[in-house]
Amino acid sequence: MNHDLKILGIVPARGGSKSVPRKNIKLLGGLPLIAYSIIEAGKAGSINRCIVSTEDDEIAKVAAEYGAEVPFRRPVELAMDKTTDLPVFEHCLDWLKTHEGYVPDLVVHLRPTAPFRTAAHIDQAVSLLLASPEADSVRSVCLAGQHPLKMWGLRDGWLASYVPSTVFGIEEAYNQPRQALPTAYIQNGSVDVIRTPVITARRSMSGRRILGLVMDELDSVNIDSPLDWALAETLMQQRLRQDAHLVGRPTA
């Protein structure tokens, strides 16, 4: 990994979650949810700085306890339900440039709602972007649970396909078995790596040329609802038991 580069991990974590109240610091497998992102960022050889952007004092305290920098409080108006990622990242990068003269080469977006993303995933995503100078960003994906060619909208009671079959040259794709359709991926919200000028100059969180990092489905659980939380709790307990078992095994 090129350590001459400034590679900044940003964990955006607001305090006003509605579906799972206070989820960013709610305990999952014995740790606050946000801790998983901070810990893995610290393990990643590619990241040389990790900052949590939050408006919430309690989240800031927990984040600092697990090793993240929290050099500012995010403005409350940038922590609303409908706030998009772009102004949050623009604020963070502008603050760092103004107050420290610090401008990273790459930004790694680490959502705290992805507790199964590992340092290895982070390093893979960064390496992928560094090896591809023509790319604007890398975005993690996993196989889509539902194929987009089988999705519908309702218009005055009539079904209308979201993706016309002609796009892929498949007649009545919605009537075809999944195995006959092209492979579809969905962004899993685990790790994005973006060249800084894409955010600051082009005002985009991805740019136009986006490379995909394919992740396993079990590593891709992203917590947005109580059902997601229940699934994550089950998977985390399984992983903790497996880790304990492996630690106790004699080495070959």
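Student: What is the relative accessible area of Arg239?

Tutor: This is a predicted model, where local features need pLDDT of at least 70, side-chain atom pairs count only at pLDDT 80 or more, and totals for chains, interfaces and linings use all residues. Residues are numbered from 1 along each chain as its sequence is written, and side-chain values use heavy atoms, leaving out hydrogens and water. Arg239 counts as partly exposed, which means between buried (under 20%) and exposed (over 50%; 1.4 Å probe, protein chains only), because its relative accessible area is 24%.

Student: Which residue forms a salt bridge with Arg239?

Tutor: Arg239 sits in helix α6 (226–248), and its partner is in the loop between β10 and α6, so the pair ties together parts that are 20 residues apart in sequence. Helices (H or I, at least four residues) and strands (E, at least two) are DSSP runs, numbered from the N terminus. In this salt bridge (a Lys or Arg side-chain nitrogen within 4 Å of an Asp or Glu carboxyl oxygen), the closest N and O atoms are 2.4 Å apart. The partner is buried, because its relative accessible area is 16%; the residue is Asp219.

Student: How many residues apart are Arg203 and Glu90?

Tutor: Arg203 and Glu90 form a salt bridge, with their closest N and O atoms 2.6 Å apart. Arg203 belongs to the loop between α5 (196–200) and β10 (210–214), while Glu90 belongs to helix α3 (residues 85–100). Arg203 is exposed, because its relative accessible area is 53%. The pair links distant parts of the chain, and the separation is 113 residues.

Student: Are Arg111 and Asp192 buried or exposed?

Tutor: Their side chains meet in a salt bridge, 3.1 Å from N to O. Arg111 lies in the loop between β5 (106–109) and α4 (119–130), and Asp192 lies in strand β9, 81 residues apart. They also belong to a network of salt bridges with Asp85 and Arg139. Both Arg111 and Asp192 are buried.

Student: How many salt bridges does a search of the whole structure find?

Tutor: Arg203 with Glu90 is one of them, and Asp219 with Arg239 is another. Searching the whole structure gives a total of 16.

Student: How many disulfides does a search of the whole structure find?

Tutor: A disulfide is counted when two cysteine sulfur atoms are within 2.5 Å. For the whole structure, the search finds none. As an example, Cys92 is in no disulfide, and its nearest cysteine sulfur, that of Cys50, is 10 Å away. The total is zero.
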